[in-house]
Amino acid sequence: FYLNKGLVALQNPDRIDGVGRAVSGFGKCVWLLSDHIELLYRIGILKSQTGKSPASKWAKISNWLWLLGYLGSIALYIRQLKILNDCIDKEVSKVKSLDTCSDLIVSIDSLTSKLSLLQKQKLDIKLQMVQECVDCGVPAGGLGLVHPAAGSAAGVFSSIVGLYQVHVTVNDYSS
């Protein structure tokens, strides 16, 4: 899944977006692979030649790549918010430049629907960004950058945000 996202992202005509999505996708892909390698060492399926288990080394690699994937996603969300804000400013400027009252009334109706859609997109991106920011606490806890309890709490909070997003999506479809 993450590997496919990374490969598809490289074909994106928007190079900044493509590279950001590729870094995020490949980071999460290699995180998942290293996470499985760590698990295989911990349960004894893979054995070290030296007799010393490299599971903790793989856990550290896994957590750094996981964190890198999240940071790449957060950078993309910040960029998407900037693009949406620019779109909103552009639409508002169009209305401000109108001269006649009838043009203004038609444009305000059009602007209202466009702004509503853009604001919903902004809210979705902000929620996703909050979830990714909080999710950073999980690998940060595994790396010792924050207390492990804080990393666990971050995971719980992220799950709550995810449940809220599902709730909103289900209610949008049922309306």
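The crossing of helices α2 and α3 is left-handed, a term used when the near helix is turned anticlockwise from the far one by less than a right angle. Helices here are DSSP runs (H or I, at least four residues), numbered from the N terminus. The model is predicted, so local features need pLDDT of at least 70 and side-chain atom pairs pLDDT 80 or more, while totals for chains, interfaces and linings use all residues. Residues are numbered from 1 along each chain as its sequence is written, and side-chain values use heavy atoms, without hydrogens or water.

The axes of α2 (residues 15–42) and α3 come within 7 Å and cross at roughly 160°; axes are lines fitted to C-alpha atoms over the stretch in contact, with angles from 0 to 180 degrees between N-to-C directions. That angle makes α2 roughly antiparallel to α3 (over 145 degrees).

Cys-136 is buried, at 11% relative accessible area (buried is under 20%, with a 1.4 Å probe and protein chains only). Beyond four places away in sequence, Cys-136 touches Leu-67, Tyr-70, Leu-71 and Ile-74, a contact being heavy atoms within 4.5 Å.

A search of the whole structure finds zero disulfides (cysteine sulfur pairs within 2.5 Å). For Cys-136, the nearest cysteine sulfur, that of Cys-133, is 6.1 Å away.

Terms used
Buried means under 20% relative accessible area, exposed over 50%, partly exposed in between (1.4 Å probe, protein chains only). Helices (H or I, at least four residues) and strands (E, at least two) are DSSP runs, numbered from the N terminus. Angles under 35 degrees count as roughly parallel, over 145 as roughly antiparallel, 65 to 115 as roughly perpendicular and the rest as oblique.
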